[in-house]
Amino acid sequence: MSRRAVVWVAFALVHAMVIWLGFTGDHAASWDVDQLYRWWAGRTLSGQAIPGITEGWVYPILAHVPILLVGAVSPAIDYTLAWGLLVTAMDAAAFAVLVGRGRSRGRLSAAWFWLAAILALGGVGMFRLDAVTVPLAILGSLWLVGRPWLASVLLAVATWIKVWPAALLAAAVIAVRRRLVIVGGAVVVSVVAVAIVLVLGGGAHLFGFVGDQTSRGLQLEAPVSTVFVLMAMGGVPGAAIRYDEEIITFQVVGPGAHGVIAAMTPVLIVGMLAIAAMGAVKAWRGAGFAALFPPLAAALVLGFIVLNKVGSPQYFTWIIAPLVVGLVLRRRAWWRPAVLVLLTLAVTQLIFPFFYDAILVLVPAAVGLLVVRNVLLVALFAWVLVLLVRVPVPGRGTAARKGPAGSAAVESVPE
């Protein structure tokens with residue numbers, strides 16, 4: 001059996017396993033899809049209400065596309081199962097492009113990493129909106145050099161489903177020479193998305209998803225919340241875990257929590273701008289795409305997670321796309337961070353859904369698992385930042401190839 005056939009067999013087995021995990025434990029990992037997404041689809045298709053149009057919503061407008069697509073077929077197929085099959089089909093399309101003819105070691109390494117990451121994170125990585133953005137993000141990142149317009153459109157569509165791919169778009173604008181094409185594709189998609197909302201009369205809710213995120217408290221799993229979880233476990237007065245019925249999530253409170261909540265959005269903005277500025281300096285000094293894009297994209301994505309006051313487990317799917325590209329382009333430089341990513345994802349699955357209830361009642365071993373995961377996450381962020389700082393530029397340990405215009409030539413993603 002060829003290497004290509006083996007990896008496709010593994011693809012089928014991994015996706016079947018993760019779909020099964022979504023149905024175990026009283027649908028704990030797939031609760032959002034099974035309850036919320038099904039409910040949103042039913043209300044929209046029946047004309048009761050359109051989230052994001054007739055009322056506020058936590059997601060951008062194009063998030064309706066997968067939710068309603070699955071809702072349209074759910075009379076024939078269970079909604080949760082249909083969601084798993086949709087994600088599998090989208091993954092298969094991106095996987096086919098990634099693997100290609102199965103002759104590139106970098107692409108096969110990236111494919112095996114992707115499958116391992118899906119299995120390591122488990123059901124929560126598949127049964128969330130984030131799952132449909134990952135294949136779009138991978139395709140867009142792989143096509144940035146050869147098909148920049150299409151790549152930009154895919155990344156912009158993913159952004160209007162779940163905001164995080166904006167980090168990849170930002171990295172692309174910095175690292176790709178044809179920046180105007182990248183910007184143009186994103187603008188076209190954004191204009192269409194905004195026009196849809198306005199035509200349907202939802203102008204008042206156009207950017208409601210931004211306000212909903214910035215007004216949130218400290219979610220239990222976020223790295224910044226770790227100290228408050230430890231305070232609550234230690235019996236510090238005022239420190240506790242609370243359930244927010246409005247946004248259906250657990251948050252932490254404690255001494256100084258309000259100040260931290262107020263500070264986190266500015267910290268996130270400043271941190272992301274600082275990372276982007278670092279990447280821009282590297283690009284201005286002539287760093288090539290293959291060296292610059294993976295660490296810059298990974299740093300921006302991890303910044304979205306580490307510096308965020310929200311830390312849902314599905315966020316960890318975001319790390320997959322930049323690591324896939326890094327392994328395709330420079331697998332020897334990226335295999336060690338890839339191993340750390342897999343470890344972080346595996347611990348995240350242990351936290352949710354398996355030990356989440358134990359964390360809620362502050363069982364020390366379960367809380368320790370959360371602390372370990374967040375330490376791994378911060379370590380990964382620091383590692384990627386170091387990789388970004390060390391990106392070679394002309395005159396600093398590397399001789400850049402020169403293109404027709406005299407600037408450093410962009411390396412393409414190998415087939």
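Q: What makes helix H2 roughly perpendicular to helix H4 in this predicted model?
A: The axes of H2 (residues 31–45) and H4 (residues 79–99) cross at roughly 95° and come within 9 Å. Angles of 65 to 115 degrees count as roughly perpendicular, so H2 is placed in that class relative to H4.

Q: Which residues make the contact between H2 and H4?
A: On the H2 side, they are Val33, Asp34, Tyr37, Arg38 and Ala41. H4 brings in Tyr79, Thr80 and Trp83. Sorted by class, this contact has five nonpolar, one polar and two charged residues.

Q: Why is the pair Arg38 and Asp34 called a salt bridge?
A: The closest N and O atoms of Arg38 and Asp34 are 2.7 Å apart. The definition asks for a side-chain nitrogen of Lys or Arg within 4 Å of a carboxyl oxygen of Asp or Glu, so the pair qualifies. Both residues lie in helix H2, four residues apart, which is about one turn of the helix.

Q: What makes up the nonpolar patch on the surface?
A: The patch is formed by Trp149, Val188, Val192, Ile196, Val199 and Leu200, and together they have about 570 Å² of accessible area. Residues in such a patch need over 30% relative accessible area and no salt bridge, with nonpolar side chains joined within 5 Å. Helix H10 (residues 179–199) gives the most, with four residues; Ile196 is one of the residues that lie in H10.

Q: What is omega for the cis peptide bond that joins Phe352 and Pro353?
A: Omega is about 15° for this cis bond. Pro353 is found in helix H15 (residues 320–354).

Q: What sets the phi of Asp26 apart?
A: Phi of Asp26 is near 60°, a positive value in a residue other than glycine. Asp26 sits in the loop between helix H1 (3–22) and H2.

Key. Residues are numbered from 1 along each chain as its sequence is written. This is a predicted model: local features need pLDDT of at least 70, side-chain atom pairs count only at pLDDT 80 or more; totals for chains, interfaces and linings use all residues. Side-chain values use heavy atoms; hydrogens and water are left out. Axes are lines fitted to C-alpha atoms, for helices over the stretch in contact, and angles run from 0 to 180 degrees between N-to-C directions. Helices (H or I, at least four residues) and strands (E, at least two) are DSSP runs, numbered from the N terminus. Angles under 35 degrees count as roughly parallel, over 145 as roughly antiparallel, 65 to 115 as roughly perpendicular and the rest as oblique. Contact means heavy atoms within 4.5 Å. Ala, Val, Leu, Ile, Met, Phe, Trp, Tyr, Cys and Pro count as nonpolar, Asp, Glu, Lys and Arg as charged, and the others, Gly among them, as polar. Patches are made of residues with over 30% relative accessible area and no salt bridge: like charges are joined within 9 Å, nonpolar side chains (Val, Leu, Ile, Met, Phe, Trp, Tyr) within 5 Å. Accessible areas come from the Shrake-Rupley method with a 1.4 Å probe; for residues, only the protein chains shown count as cover.
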